[in-house]
Amino acid sequence: MTHQSILEFSLSGRGTRNITQAVAQVVAASGMQTGIAHIFVQHTSCSLTITENADPDVRRDLDTILSRIAPDGDPAYRHDLEGADDMAAHARSVLTGTSINVPFGAGRLLLGTWQGLYLWEHRTGAQVRRVVVTLIGE
């Protein structure tokens, strides 16, 4: 059995948005009990990650690490048509990934106690992002 939903999120710029509840609602509404939730973001300058949901400093520190690996405005970048954050956002997306699989059981996501599912925006300006949630199970 399969089920698919597309979620849309408005983001004010660089940073993380906890989308755990939105994805959990898709699982609950599907009526499915056991399976895999495949979560995919349809963009090349943002990503998805599972990380700690208790201390927001973890996500801030992760953003600091990525800014050191892929800094905005590096003069070596050729792709900068949309601004200084353009190529850096693409690089950060490639490094962190655009899809995640999460198991579910008893109609609930089986994340660990301190885990949350985050949409991670890498552009500095406001964006609207689409996330496809595909459930495979029974």
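In which sense do β1 and β8 pair, and over how many bridges? I looked this up before anything else. β1 and β8 pair in the antiparallel sense, over 10 bridges. I count strands as paired if DSSP finds at least two bridges between them; helices (H or I, at least four residues) and strands (E, at least two) are DSSP runs, numbered from the N terminus.

The model is predicted: local features need pLDDT of at least 70, side-chain atom pairs count only at pLDDT 80 or more, and totals for chains, interfaces and linings use all residues. Residues are numbered from 1 along each chain as its sequence is written, and side-chain values use heavy atoms, with hydrogens and water left out.

**Entry: β8 and its partners.** I found Glu8 bridged to Arg130 in β8. β8 also pairs with β3, in the antiparallel sense and over 7 bridges. There I noted Val132 of β8 as the bridge partner of Phe40.

**Entry: the open sheet.** I traced an open sheet of 3 strands in the order β2-β7-β4, with antiparallel pairing. β2 (15-18) and β4 are the edge strands, each pairing on one side only. On average, neighbouring strands of this sheet are turned by 35 degrees against each other, direction ignored. β4 and β7 run antiparallel and are joined by 7 bridges; Thr51 has Gly116 in β7 as its bridge partner.

**Entry: the core.** I looked up the largest nonpolar core, which has 22 residues. Such a core is a set of buried Ala, Val, Leu, Ile, Met, Phe, Trp, Tyr and Cys residues joined through side-chain atoms within 4.5 Å; buried means under 20% relative accessible area, exposed over 50%, partly exposed in between (1.4 Å probe, protein chains only). Among the residues with the most contacts inside the core are Ile19, Val23 and Leu135. Elements that each supply at least two of its residues include β1 (2-11), α1 (20-30) and β8 (127-137). Leaving aside residues up to four places away in sequence, Val23 touches Leu7, Ile39, Leu109, Leu117 and Val133 (contact: heavy atoms within 4.5 Å).

**Entry: Ala106.** I noted a positive phi of about 55 degrees at Ala106, although this residue is not a glycine. Ala106 lies in the loop between β5 and β6 (108-109) and is exposed, with a relative accessible area of 60%.

**Entry: α2 and α3.** I recorded the contact as made by Asp63, Leu66, Ser67 and Ile69 of α2 with Arg92, Leu95 and Thr96 of α3.

Methods. Axes fitted to C-alpha atoms, helices over the stretch in contact; angles between N-to-C directions.
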